[in-house]
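This report describes the secondary structure and packing of the two chains shown below.

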Amino acid sequence: MDSVSAVPARPGAIVFDRQAKGLTSIAVKGFLLSLVTFGIYRFWYITNLRRYFWSRTIVAGSPGEYTGRGKELFLGFLVALAILVPVYIVLFALGFAYPPLAPFAGPITFVFLFLLGQYAIFRGRRYRASRTLWRGIRLGQDGSALTYVGLATGWWFLTLVTLGIAFPWMRASLERYRIGHTLVGESRMTSTARGSMILKPWLLFYLVALGPLFVSILALLVANDFSFPADLMIADPDKPGKFVFNPIYAGTPLATYGGAVAIVASIFIPLALFLIPYYRARETRAFMNAAALGAARLNSTLKARQFYWPYIVYMLSILGYLAAIGIVIGGSAFLLQTSGLGSGAQVLLVIGMTVAYLGSLLLFAVLYVRVITVRLWRAVADSTTIENVEALDAVLASSRRTASGLNEGLADALDVGGALEIGF
Amino acid sequence: MTVPAETVTATGTLFDGRSARPNPVTLRLGERLEITGAGLREDWNPFDIRAGETEPPTMRIGLAGNPVRVEFTDRALAEALVARCPDLRLDDEARGGVLRLVLWSIAAGVSVLLVAIYGVPVAAGILAPLVPQPVESRFGLAVDGQVVSLLGDPPLCAEPAAKAVLDRLVARMTKGAGLPGDPVVSVRRHKVANALTLPGARVIVLSDILAKAETPDEFGGILAHEFGHVAARDPTRAVITAGGVSFLLSLVLGDLTGSTVIVGVGQAAISAGYSRDAERAADAYGVAMLIRAGGDGAALASILERIDAEADAEGSLTGFLHSHPYTKERAAKIRSLAGGTRPDKPLLSKEDWQTLRGICPAEPRTPAKPATTPL
């Protein structure tokens, strides 16, 4: 045991606890108490989880420290509610009160929540940074959340306009802003993240997801001389108000290529989902390598398979569990039907199902923390080292004020990044 | 108190809280903890020492309210500290325990639930009459489209002669009733015997009601019942209630996986309990309206019982009807409200009634879009 935990051999290593002892009890307690407290305990649960993960991550021989409090998050959540509830009501009433706006109420709500969400992401990060200590030095974040919102909005707009091509540059730009405003004591972190660093993994994802689709749509257009007959869709003779494909076009190139588009979309878009962990691993590695604090640089050797394994293990455990519980439920239902025990047994079955349902949720929640969160965290931590770690000795503490829990309350109320996040 | 006999010595690293520079130090735990290093000397009282959460054997200690931290990995020293520092794991900032938190949270959750069950319907009752007429009609139009498509886009029945009879009947029944806005009654071909009231005084009658009604008074009773919902603004009230309850339960109680079930069950329970009262009120209103229009108040009870009996016989779940509970109880109440007197002539003449029953053309017409365009 001493050989695996303790102080790492290399001076600049980042390591995470090998066994994650005590984590299961935090997760079980957190889940059950959240259930009986109508979810209010989740702020204390998240705080416990963070304290655990921070303190088990040993950076250059010294474990991290999380000093946040559940109470701070809860108060922040209450304040965020006080702001959000009137906003929600106004957005809801907008559609009613001003008729011309009614069709736009949905998009307006979406845009507003997007802006607020970006704001919350940045401010939530500020809270977490100010509650993080390493070697007794407090981290921090400055910069303006409004600027971040503007930056994110502009980049998302550009990404949409370019059909996603600008996505890596958006990620890099936002990463530079976030890291560039992260402070360790008095020292500012810097990032040299560039969109070109993650262009290749993004293009792979992009080509798999959209490439075949574009090709098939192009083929459809070419085969039909870029024009569609006006009576392609006709009114459904069985259901008024619905439209169906006009049968006279069956067998024409139009139908053949149109079917090809549908098949291509249904194969390659799900396939691209499997590339998300690959992209995330590549991006994490590139951005880690680009981050520095003075002369000390991060160096990551993260492999994509380290991001796949946790999900595979998690999915397999859930599938196995579901198969087992399906057999149990099916068996008991069969027994009940054949024996005809009456209402007493049915009540028993309902109680059993409720217990099984809650038990399954508990199991999934604990598995998620133990398998996915721990393994992803460990993959990132263990694959990262600090070069020029001696340069960190020069970091001085700052007298900055700490950020309040209000910063993260909004993020929780909006459900963006309120949960445990890997790194910063 | 037992005075520790032996002194435990170990090496560690001190961080002074001002810089990240590690300072190698020697820790000596006797009656007090002495920490010495190059140019450093600390002398700590064991009562003031606090330990942070770390993974054993790494241990991080400091003094309460002091930024200086010492980290070491020596097991013997760690054990000695645990034995000699009574407040080692004391959390100076924590107030109250988890139990207090849990109890208060449960109290808060119950209070939110009570507001959702009792407060929101009352608030909806106050708010519903405040919704301006044009807003409600526009909303009703949108809901109409959704409901029609939920029903599977049944065709609109509007044989001109029958529609004229229906319109005359509606005008006669609602004359002087003081309904909020003129009711828009439409008939749609559907195999379920039911009628629905939507916001904006919109009433959809499904054609099977006409088939099941044996007298014009029975059909009039159904209409009058629906106008009762219109008068009480029940649909708007129900929409506001549903919106408020789901908003309260989902936003305030959080999105923990289990609570979605609670939200669903809660909403169903609340709306069921709420609609029972609304149905009784609409029955009473309907009986009064039917009698005023010269109809037989008890006819509503007859058709309700018939629909219920046939639904039982078919063994089918008759769609929306499951929110019309306690048919027997309702029928008895309706009969007692209607009294014993019966009018001499039916609500509609024989010819008019025959015309009205033919409102749905025998064959479905060409699948043109219905007049009230679904959104």
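Two strands are taken to pair if DSSP finds at least two bridges between them. The model discussed here is predicted.

**The sheet with strands E8 to E11 of chain B**

By this criterion, strand E9 (residues 184–188) of chain B and strand E11 (residues 202–206) of chain B are paired: five bridges join them, and the two strands run parallel. Within this pairing, Val185(B) has Val203(B) of E11(B) opposite. Both strands belong to an open sheet of four strands in chain B, ordered E8-E9-E11-E10, in which the pairing is mixed. The edges are formed by strand E8 (156–157) and strand E10 (195–198) of chain B, each of which pairs on one side only. Helix H3 (residues 133–150) of chain B packs on the sheet, where it touches E10 and E11 of chain B, and its direction makes about 145° with that of E10(B). Helix H6 (residues 216–232) of chain B also lies across E10 and E11 of chain B, but runs at about 20° to E10(B).

Strands of a sheet pair through backbone hydrogen bonds, either parallel or antiparallel. The antiparallel sense is found in the pairings of E2(B) with E1(B) and with E3(B).

| Strand pair | Sense | Bridges | A facing pair |
|---|---|---|---|
| E1 (residues 8–15) and E2 (residues 23–29) of chain B | antiparallel | seven | Thr9(B) and Arg28(B) |

**Chain A: overall organisation**

Chain A contains twelve helices and twelve strands. Of its 424 residues, 35% count as buried. Among contacts in chain A with a separation of 6 or more, 72% are between residues 24 or more positions apart. The chain is divided into domain 1 (162–301 + 395–401) and domain 2 (303–382). Six residues from domain 1 of chain A and seven residues from domain 2 of chain A make up the contact. On the domain 1 side of chain A, the residues touching domain 2 comprise three nonpolar, one polar and two charged.

**Helix packing in chain A**

Two packed helices are described by the angle between their axes and the distance between the axes. The axes of helix H5 (residues 145–161) of chain A and helix H6 (residues 167–180) of chain A cross at roughly 170° and come within 9 Å. Angles over 145 degrees count as roughly antiparallel, and H5(A) is therefore roughly antiparallel to H6(A). The residues that meet include Trp155(A) and Trp156(A) in H5(A), and Phe167(A) and Met170(A) in H6(A). By class, this contact of H5(A) with H6(A) has ten nonpolar, two polar and no charged residues.

Helix H7 (residues 199–223) of chain A and helix H8 (residues 253–273) of chain A pack at an angle of about 175°, and their axes are 9 Å apart. This angle makes H7(A) roughly antiparallel to H8(A). Among the contributing residues are Phe205(A), Leu213(A) and Ile217(A) of H7(A), together with Tyr257(A), Val264(A) and Phe268(A) of H8(A). The contact of H7(A) with H8(A) divides into 19 nonpolar, two polar and no charged residues.

How values were computed: Residues numbered from 1 in each chain as written. Chains lettered and ligands numbered in written order. Predicted model: local features only at pLDDT ≥ 70, side-chain atom pairs only at ≥ 80, totals over all residues. Buried ≥ 20, exposed ≤ 12 C-beta atoms within 10 Å, placed from the backbone. Contact = placed C-beta atoms within 7 Å. Domains from an automatic or database assignment. Nonpolar A, V, L, I, M, F, W, Y, C, P; charged D, E, K, R; others polar. Axes fitted to C-alpha atoms, helices over the stretch in contact; angles between N-to-C directions. Parallel < 35°, antiparallel > 145°, perpendicular 65-115°, else oblique.
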